[in-house]
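Q: Could you walk me through this one? I'd like to talk about the aromatic residues and then about a sheet.

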Amino acid sequence: MKFTDGKFRILILSDIHTPDEMPIWTENFIRYAMESEKPDLVVLLGDNVGGSYEGVTKGKNIIAIKKIVSLLGGTAFAAVFGNHDHEGLPFMSETEAKRFHVSLYKEAENCLMKEGDYSLNLKDSKGEKDIFSLYFIDSGTYAKEGGYAYVSPSQLQWYKEECDRNGKLPSYLFQHIILPEVYDLMHESKMPKKGYTKGQCIRGKRFYKFKDETLISGRMNEGPCPPDINGGQFDALKEKNCTMACFFGHDHTNNFVCDCKG
């Protein structure tokens, strides 16, 4: 993959949650997004299929993934997993279910997804030199300590080593579950207030509003759902100092862009 005239366009599709019969409004939305944006790469940001919805089966997983892929045409795509993708295959372990999904995605020639965590490099407009990296991390499902999962120390070590192998190129990172630091960017209130949104998970008894200096654009329509435990991922990002921005799914109705310590 390479830049064209200095540009590279990425379209993110997150939390599609499609069963085998994709709702027509979802299909139309994806078609419209593909046609209007004409992306160079599509990223499926997790919870791509129906997960544990009643009646989901292996066969329906196959149909759902093939449907999503068909809507992308021949456009290159990559994917990460959410906390629900594997749940429609209860007779498999989480690892087995994810491996099965990867095999389905990779039947498409335009699939760039790999098992586990991985990175992709983009070349300059001449196709001669790597100038940008994309990191794709499996943010997991649920933590054994409770709450949503956090990226493990071994995954953070992989990220650091991969940054070095890629020459610390400027980069973006994609994963499903947002980081706990999102709540550091907000005012907190014990009582409901105008403009404040109820938190979720361990913050479910408080109300939150972004600080003016941290919110760049967009809105928070529901309280974000990060892990209850901070696994140190943000610190790892700051340490390597090559990832410019991170993109998350998981929270279905939020579209905010924020600055967190640069």
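A: Gladly, and please keep in mind that this is a predicted model. We can begin with Phe 247, which counts as partly exposed at 27% relative accessibility.

Q: Which ring does Phe 247 pair with, and how are the two arranged?

A: Phe 247 pairs with Tyr 172 in an edge-to-face arrangement, with 5.1 Å from centre to centre and 70 degrees between the planes. Because Tyr 172 lies in strand β6 and Phe 247 in strand β11 (residues 243–248), the pair ties together parts that are 75 residues apart in sequence. Tyr 172 is partly exposed, with a relative accessible area of 26%.

Q: What cluster do the ring pairs build there?

A: Ring pairs link Tyr 172 and Phe 247 into a cluster with Phe 3, Phe 8, Tyr 118, Phe 132, Phe 136 and Phe 174.

Q: And Phe 136 and Phe 174, buried or exposed?

A: Both Phe 136 and Phe 174 are buried.

Q: OK, switching topic: what is the strand order in the open sheet of three strands?

A: The order is β1-β2-β3, and the pairing is parallel. β1 (10–13) and β3 (77–79) stand at the edges with a single partner strand each, so one side of each has no neighbour in the sheet. From one strand to the next, the twist averages 20 degrees.

Q: How many bridges join β2 to β3?

A: Three bridges join strand β2 (residues 41–44) to β3, and Val 42 stands opposite Phe 77 in β3.

Q: Which helix packs on the sheet?

A: That is helix α1 (residues 24–37), which touches β1 and β2 and whose direction makes about 170 degrees with that of β1.

How values were computed
Residues numbered from 1 in each chain as written. Predicted model: local features only at pLDDT ≥ 70, side-chain atom pairs only at ≥ 80, totals over all residues. Heavy atoms only, no water. Buried < 20%, exposed > 50% of the residue type's maximum accessible area, 1.4 Å probe, protein only. Phe/Tyr/Trp six-rings, centres within 6.5 Å; stacked < 30°, edge-to-face > 60°. Helix = DSSP H or I, 4+ residues; strand = E, 2+ residues; numbered from the N terminus. Pairing = 2+ DSSP bridges. Axes fitted to C-alpha atoms, helices over the stretch in contact; angles between N-to-C directions. Contact = heavy atoms within 4.5 Å.
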